[in-house]
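Hello,

Have a look at it first, then read on.

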Amino acid sequence: MDTPKPEPHPPRSLAARLDTYAAKIYRPIGFTKGYNFILWFMTNSALLGFVLSRLARFGLRSYTRVGLLMHIATILPAGLLVCVQFVPVVRHRWLLVHRVNGYVVILLSLVSTAGALMIARDSMDGHPASQMYIGVLGAVFLIALALAWWNVKRLQIELHRKWMLRAWVYAASIISLRLIGLLGAPILSRTDPYCMARTCKVIHDTLRNNQGLVLQWYPGCQPWYDGADDELQVLVCANTKGNPLESAAATQLLFAACGWLALTLHAIAVEIYLHLTPAEHERLRNVSYQRQVEAGMKNPGRAGLTADRLGDSALWTPQEATTVVQAVVQAVAADKELTAAHV
């Protein structure tokens, strides 16, 4: 008797084959879903590239201001280390490394933010709008870091995840700021002239003490060279195809506007991501509940800054309690059906 031949498997779709190949890349580092790996790769690669480019620049230039040194020397290593923090395999297999690295990142972030606030008055020509943007960005970054730290101290891991993601998505808006500026500066140059006042001293220093070049481009600075007015200012108009001062003016005029737009987009993006990952939030809350019970904390499951503790949210119940309640409800429903059937 002939044995029946097994039916051939239907051909797999291209998407299924690509997902199988991609899983060989993202599963070894702890990711279980492809879209999480894609988001991690996009954000971390941008942050890593930005930090590495600034590290190379830092090695070629000497900064004299204490604030700038504080900011550059701490935010760059913090940016490198935080890329490690968001790798799942580090959190799952090397928890001690994750914890120690996290405290180092927070400490470096505090120092770097202090340095950024110190130089806000002189950055981008000290425009009030630029100072306001730098101040707000520093404030929301520090507030998010503080909330992430407090919640992890209370073993509220799901809120620690939320606030740490928010903190670094806010901080990464400086990358989008530059991308928006690259797109916006040529547009600004083609519209009606946008100009800004620059002191002749700054122009003189920028052009490396080249008096002839300064007077060729800005003859209005002649009284400054004559000593008649030490604070003399002239207008520099934005033009990406003009001299170096005009090209820099295009960037400086857009700095605050691009910063606000980038921060807004990043704030919206991180909230969308958190809204689309409720399963991970619920899983981590159950983990938080178990660890808080083991630590003997009051109100396990809501020892941190949870909405059901501080707000009017419904009281959260752990998964095991929910499972028991569901089983009881199903048993009662089955008894009612059985009774109705006998009647």
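**A glutamine with no exposure**

Gln 292 counts as buried because its relative accessibility is 0%. Please keep in mind throughout that this is a predicted model. The residue sits in helix H13, which covers residues 278-294. A polar atom of the Gln 292 side chain is 3.1 Å from the backbone oxygen of Arg 154. Leaving aside residues up to four places away in sequence, Gln 292 touches Arg 154, Leu 155 and Gln 156, and also Met 297, Asn 299, Pro 300, Gly 301, Arg 302 and Ala 303.

Asn 151 lies in helix H6, and it counts as buried because its relative accessibility is 0%.

**The salt bridges**

In one of them, the side chains of Arg 285 and Glu 158 meet at 3.8 Å, N to O. This pair links distant parts of the chain, with Arg 285 in helix H13 and Glu 158 in helix H7 (residues 157-171), 127 residues apart. Arg 285 and Glu 158 are both buried.

Arg 285 has a salt bridge with Asp 308 too, where the side chains meet at 3.1 Å, N to O. Asp 308, like Arg 285, is buried. Through shared partners, the salt bridges join Glu 158, Arg 285 and Asp 308 into one network.

Lys 201 and Asp 205 form a further salt bridge, also given as 3.1 Å, N to O. Because they are 4 residues apart in helix H9 (residues 200-206), about one helical turn separates them. Lys 201 counts as partly exposed, since its relative accessibility is 46%. Asp 205 is partly exposed as well, with a relative accessible area of 40%.

Which residues make the nonpolar surface patch of about 560 Å²? They are Tyr 103, Trp 149, Trp 150, Val 152, Leu 305 and Leu 310. Helix H6, residues 128-153, gives the largest share of the patch, with 3 residues. Tyr 103 comes from helix H5, residues 95-118, and counts as partly exposed because its relative accessibility is 43%.

**The chain as a whole**

The protein chain has 15 helices and 2 strands. Of its 343 residues, 35% are buried. Taking contacts between residues at least 6 apart in sequence, 66% join residues at least 24 apart. The chain exposes about 21200 Å², and carbon and sulfur atoms supply 65% of that area.

An unreviewed UniProt entry places the feature "transmembrane region" at residues 37-56, 68-90, 102-120, 132-152, 164-188 and 253-276. In the model, residues 102-120 are 89% helix and 0% strand, with the end C-alpha atoms 27 Å apart. Residues 164-188 are 96% helix and 0% strand, and there the end C-alpha atoms lie 35 Å apart.

Key
Residues numbered from 1 in each chain as written. Predicted model: local features only at pLDDT ≥ 70, side-chain atom pairs only at ≥ 80, totals over all residues. Heavy atoms only, no water. UniProt positions renumbered as here; feature names shortened; annotations may be inferred. Buried < 20%, exposed > 50% of the residue type's maximum accessible area, 1.4 Å probe, protein only. Polar contact = N/O pair within 3.5 Å; in protein donor to acceptor, adjacent residues only side chain to side chain. Contact = heavy atoms within 4.5 Å. Patch = residues over 30% accessible without salt bridge, like charges linked within 9 Å, V, L, I, M, F, W, Y side chains within 5 Å. Areas by Shrake-Rupley, 256 points an atom, 1.4 Å probe, with all protein chains shown as cover. Salt bridge = Lys/Arg side-chain N within 4 Å of Asp/Glu carboxyl O.
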